[in-house]
Amino acid sequence: MAVITRVIPPEEDGATVRHILRAKLSFSSHAVSRLAHGGDAIRVNGRPVHTPHILRAGDVLAVESGDLRLPKTAVTPGNWPLPVAWEDEHLLVVDKPAGMTAHASNFLPDTPTVAGALAWGRGTNFIFHPVNRLDKGTTGLMVVAKSGYVHDLLRRRLHGPAFRREYRAICLGCPAPEKGTVNAPIGRDETSAVARCVRPGGAPAVSHYEVLSKGEGLSLLALRPETGRTHQLRVHMAHLGCPLAGDWLYGEENPNLISRPALHSYALTLLHPITGERLELTAALPEDMLWLLKKRFPENLTPETEN
């Protein structure tokens, strides 16, 4: 189990363990309560202590950051390919393929899941904490925290400068202008059980877009969401009159182009919540999007497009 350590500086002399956990290490009150009942989950200079313990300058506080309880719902393991782009003891980044959901669903009981693929190699006690969820049809980089503590830290940063995401998408037509920002609120579409739409009173939603290349009735886009509304990029592109290729919900279904919405989580810039390391990761475009690009506008492809 991963351990968070902190050497107490002079200015924190006399503080309680509880204060340091909340104010300096950003543990939630719920997490502190669980740690308080976690046996030897909290140690000072190697000895188990309780949260009221008073710390002195130079003390080494060590706290187990892993989950202290087993998953509430059993995960069914599945031998499904799920490449890992980056990993350490606190988090991992996977390159999710199309057709895979994050968790099992009563509506799609036989669908491969990220949770099941991870449980196959790591055991059913591995607790799955997805940070940036991807739709079933969306491919690419997806961050998974290995504890509720790290998940909470990342969730707070998800739409700020310490956690930046960039997507690649192929849309029908070409938006005008070819670079811009969509600032349009998104809410539920009252005519559908799953769809969202741009509507007054919806939740604030901001997406930046840029056309990278154009072909025969299609455009390759870079998309950068500032917010994280359900189906945000798909809804915003449809709002511009350029729905994503293959998007049966917000555009038109055309298996001759692509059998899913042409959306890929391409790049991720992340400040590691524990080590402070700056992670800059990219995931190559999947085969179905590459095939579509080469078919429709091979002459306009750039080296970046094919990576």
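**Salt bridges and buried residues in a predicted model**

Author: Arg 56 forms a salt bridge with Asp 13, and their closest N and O atoms are 3.0 Å apart. The model is predicted, with residues numbered from 1 along each chain as its sequence is written. Local features need pLDDT of at least 70 and side-chain atom pairs 80 or more, totals for chains, interfaces and linings use all residues, and side-chain values use heavy atoms, without hydrogens and water.

Reader: What makes the contact between Arg 56 and Asp 13 a salt bridge?

Author: A salt bridge is a side-chain nitrogen of Lys or Arg within 4 Å of a carboxyl oxygen of Asp or Glu. The closest N and O atoms of Arg 56 and Asp 13 are 3.0 Å apart, so the pair qualifies. It is one of 16 salt bridges in the structure.

Reader: Which parts of the chain does the pair Arg 56 and Asp 13 tie together?

Author: Arg 56 lies in the loop between β3 (47-48) and β4 (60-64), and Asp 13 in the loop between β1 (3-7) and α1 (17-24), so the pair ties together parts that are 43 residues apart in sequence. Helices (H or I, at least four residues) and strands (E, at least two) are DSSP runs, numbered from the N terminus.

Reader: Why is Arg 56 called partly exposed?

Author: Buried means under 20% relative accessible area, exposed over 50%, and partly exposed in between (1.4 Å probe, protein chains only). Arg 56 has 44%, and therefore counts as partly exposed. Asp 13, at 38%, falls in that range as well.

Reader: How do you know that Arg 224 and Glu 166 form a salt bridge?

Author: Their closest N and O atoms are 3.1 Å apart, which is within the limit, so the pair counts. Arg 224 is in strand β14 (residues 218-225) and Glu 166 in strand β9 (residues 163-172), 58 residues apart. Salt bridges that share partners join Glu 166, Arg 168, Glu 210 and Arg 224 into one network.

Reader: Is Glu 166 buried or partly exposed, and why?

Author: Its relative accessible area is 17%, under the cut-off, so Glu 166 is buried. Arg 224, at 29%, is partly exposed.

Reader: What makes Met 289 a buried residue?

Author: Its relative accessibility is 0%, so the term applies. Met 289 is found in helix α6 (residues 287-296). Among the residues that Met 289 touches are Arg 168, Ile 170, Ile 258 and Arg 260.

Reader: How do you know that the buried residues of α1 line one face of the helix?

Author: In α1, Val 17, Ile 20 and Leu 21 are buried. Seen down the axis, the buried residues of α1 fall within an arc of 100 degrees, so they line one face; the arc is that of the directions from the helix axis to the C-beta atoms. They pack against β1, α2 (29-36), β2 (42-44) and β4.

Key
Contact means heavy atoms within 4.5 Å. Lists of a residue's contacts leave out its neighbours within four places in sequence.
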